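Welcome! Have a look at it first, and then we can walk through some of its features together.

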Amino acid sequence: MIIRVILWIFAAWRWGDWRNWKKYQSTILFFILLDLLYNFLTYNHTLWQYEPTALIPNHTLNNMIVMFIFYPCIVLLYLGRYPSGKVKQGAWIIFWAAFLSLIEFINNKVGLITFHNGWNIKWSIFFYLYSLPILRLHYKKPLLTYFLAVFITIGLLWLFEVPISKMK
């Protein structure tokens, strides 16, 4: 995990748009908010879970590292270098979805993340292909994105049959 943290920080430092970090702050917070919402709503019915390691003993601490280190780095890299032109934008989204899916696939194979209640790597790929454009949309039109996030969240809860009775 330490190596991954260092690599993400280095990549964001080297290629991220640090000069304009304030422009991306609300999108970083939106990204974190959605993950916190996922953890809250699916606390007793998880779809994926970070597994303990020698350094990080539980899902919550691991998820906090992801939210507060990886997510800002991803946003600074992804939005900070977002290209112009529809073809380049589509390729950029596909590149990032493939990259993040590959990382998740490897993490699953080595036991750092497990899938539950119908979630699998195919859903993760689909999720990245949907969520990356949502991050860009939030950067451009945040109010619209909050509105869409409500409906998408309800749809995902319904699709994965997250029982209301299991919510805290």
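**Getting oriented**

Helices α5 and α6 pack with their axes 8 Å apart, at an angle of about 160°. An angle over 145° counts as roughly antiparallel, so that is how α5 lies relative to α6. Please keep in mind as you read that this is a predicted model.

**Where α5 meets α6**

- The crossing of this pair, α5 and α6, is left-handed.
- On the α5 side, the contact is made by W123, F127, Y130, I134, L137, H138 and K140.
- On the α6 side, the partners are P142, L144, T145, Y146, L148, I152, L156 and L159.
- Sorted by class, the residues of the contact of α5 with α6 are 12 nonpolar, two polar and one charged.

**Two residues of α5 to look up**

- Leaving aside residues up to four places away in sequence, H138 touches S26, T27, F30, T145 and Y146.
- L129 is also found in helix α5, and with a relative accessible area of 38% it is partly exposed.
- Which residues does L129 touch, not counting those up to four places away in sequence? They are I93, I94 and A97.
- From C-alpha to C-alpha, L129 and K22 are 25 Å apart in space, and in sequence they are 107 residues apart.

**Where α2 meets α3**

- Helix α2 covers residues 21–41 and helix α3 covers residues 59–78; their axes come within 9 Å and cross at roughly 150°.
- That angle makes α2 roughly antiparallel to α3.
- The crossing of α2 and α3 is right-handed.
- From α2, the contact involves W21, Y24, T27, I28, F31, I32, D35, L36 and N39.
- From α3, the contact involves H59, N63, M67, F68, Y71, P72, I74, V75 and L76.
- By class, the contact of α2 with α3 has 13 nonpolar residues, four polar ones and one charged one.

**The nonpolar core**

- In soluble globular proteins, nonpolar side chains tend to be buried together.
- The largest nonpolar core here has 42 residues, and the members that touch the most others are W8, Y78, W96 and L132.
- At least two residues of this core come from each of α1 (2–15), α2, β1 (48–50), α3, α4 (86–109), β2 (113–115), α5 (121–140) and α6 (142–159).
- Which element supplies the largest share of this core? That is α3, with 10 residues.
- Y78 touches W92, I93, W96, L132, P133, L135 and R136, again not counting residues up to four places away in sequence.

**Two residues with positive phi**

- N117 sits in the loop between β2 and α5.
- Phi of N117 is near 50°, which is a positive value in a residue other than glycine.
- N117 counts as partly exposed, because its relative accessibility is 39%.
- E161 lies in the segment after α6.
- Phi of E161 is near 50°, again a positive value in a residue other than glycine.
- With a relative accessible area of 64%, E161 is exposed.

How values were computed: Residues numbered from 1 in each chain as written. Predicted model: local features only at pLDDT ≥ 70, side-chain atom pairs only at ≥ 80, totals over all residues. Heavy atoms only, no water. Axes fitted to C-alpha atoms, helices over the stretch in contact; angles between N-to-C directions. Helix = DSSP H or I, 4+ residues; strand = E, 2+ residues; numbered from the N terminus. Parallel < 35°, antiparallel > 145°, perpendicular 65-115°, else oblique. Left-handed = near helix turned anticlockwise from the far one by under 90°. Contact = heavy atoms within 4.5 Å. Nonpolar A, V, L, I, M, F, W, Y, C, P; charged D, E, K, R; others polar. Core = buried A, V, L, I, M, F, W, Y, C linked by side-chain atoms within 4.5 Å. Buried < 20%, exposed > 50% of the residue type's maximum accessible area, 1.4 Å probe, protein only.
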